[in-house]
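Hi,

Here is the structure I promised to pass on. Could you open it next to this email while you read?

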Amino acid sequence: MYIIVGLGNPGKRYEDTRHNIGFKTIDALADKLNIKVNKIKFKGLVGEGRIAGEKVILLKPHTFMNNSGESVVEILNFYKLKPENLLVVVDDIDIEFAQLKIKKNGSAGTHNGLKSIVNLIGSKNFARFKIGVGKKHPNEDLASFVLSNFPSRDKKHIEDAVDACSESIIKTVTDGIDVAMNFYNNNIY
């Protein structure tokens, strides 16, 4: 069983922002798997389904980005799962735009959503699926940048990256993370 979490911020105001790439990926995955992510549970929206016979739960935390761990720790505790059963999709400003980077584990880096998860579950041993959302200008405020929408010229690339990320999650569940990493890691869409 896997918990697949896409990080973002709830509400119409944040829907198409760079910070909501995790929510977008969960939506794409839910469409592919015909899963409705509409139950309010674990401080978020949840949907259940299967990938090649393996039970998966899709989660969009509604705690706002900086408190994502509150939702994640609740669902892991409820199902008595280890962090190794957790797959998290996040935006990343430190990799190339529309690049997909999959990591088995590691530090939270500068990402406050990941920091919250690491702090509350007490582990760094969970997979991260990172999508590059671009780099801010040197004098631009980071919060303003990640809470901004993508320019129209970038939408096709980011949609392709989201689609590839959703496929990489399916491949992780069916064939293992090493296979997914070999196939998708560091590709730019």
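Below is what came out of the analysis, going from the whole chain down to single residues.

First, the ground rules. This is a predicted model, so local features need pLDDT of at least 70 and side-chain atom pairs count only at pLDDT 80 or more, while totals for chains, interfaces and linings use all residues. Residues are numbered from 1 along each chain as its sequence is written, and side-chain values use heavy atoms, with hydrogens and water left out.

**Overall**

The protein chain has 6 helices and 7 strands (DSSP runs numbered from the N terminus: H or I of at least four residues for helices, E of at least two for strands). From the N terminus on, the order is β-α-β-β-β-α-β-β-α-β-α-α-α. With a radius of gyration of 15 Å, close to the 16 Å that the globule rule gives for 189 residues, the chain is as compact as a globular protein of that length. The radius is taken over C-alpha atoms, and the rule is 2.2 Å times the number of residues to the power 0.38. Along its principal axes, the C-alpha trace spans about 45 × 30 × 30 Å.

Buried residues make up 52% of the 189; buried means under 20% relative accessible area, exposed over 50%, and partly exposed in between (1.4 Å probe, protein chains only). Among contacts (heavy atoms within 4.5 Å) between residues at least 6 apart in sequence, 69% join residues at least 24 apart.

**Strands**

β4 (54-61) is largely enclosed by the rest of the structure, since 6 of its 8 residues are buried. β1 runs parallel to β4, joined to it by 4 bridges; strands count as paired if DSSP finds at least two bridges between them. In that pairing, Ile4 has Leu58 of β4 as its bridge partner. β3 pairs with β4 in the antiparallel sense over 8 bridges, and Val46 stands opposite Leu59 in β4. The hairpin of β3 and β4 has 2 residues between the strands, and Ala52 takes a positive phi near 50 degrees there.

**Cores**

The largest nonpolar core has 35 residues, and those with the most contacts inside it are Ile4, Leu58, Leu87, Phe129, Ile131 and Ile169. Helix α5 (residues 155-175) gives the largest share of this core, 8 residues. Apart from it lies another core, of 23 residues, with Ile57, Ile75, Leu81 and Val88 among them. By nonpolar core I mean a set of buried Ala, Val, Leu, Ile, Met, Phe, Trp, Tyr and Cys residues joined through side-chain atoms within 4.5 Å.

Ile131 is worth a click: leaving aside neighbours within four places in sequence, its contacts include Ile21, Thr25, Val90, Ile95, Leu100, Ile158, Ala161, Val162 and Cys165.

**Helices**

α1 (residues 21-33) has 13 residues and reaches 18 Å from its first C-alpha to its last, close to the 18 Å expected at 1.5 Å a residue (1.5 Å times one less than the number of residues). Its buried residues include Ile21, Phe23, Ile26, Leu29 and Leu33. The buried residues of α1 pack against β1, β3, β4, β5, β7 and α5. Just after α1, Asn34 takes a positive phi of about 55 degrees.

The 21 residues of α5 should span 30 Å, and its end C-alpha atoms are 30 Å apart, which agrees. Among the buried residues of α5 are Ile158, Ala161, Val162, Cys165, Ile169 and Val173. Just after α5, Gly176 takes a positive phi of about 100 degrees.

In α2 (residues 68-79) you'll find Ser68, which is buried with a relative accessible area of 1%. Beyond its neighbours within four places in sequence, Ser68 is in contact with Leu7, Pro61, Thr63, Gly113, Ser116 and Ile117.

**Two loop residues**

Lys80 has a positive phi of about 55 degrees although it is not a glycine. Lys80 sits in the loop between α2 and β5 and is exposed, at 74% relative accessible area.

Ala98 is not a glycine either, yet has a positive phi of about 65 degrees. Its place is in the loop between β5 and β6, and Ala98 is buried, with a relative accessible area of 0%.

Cheers
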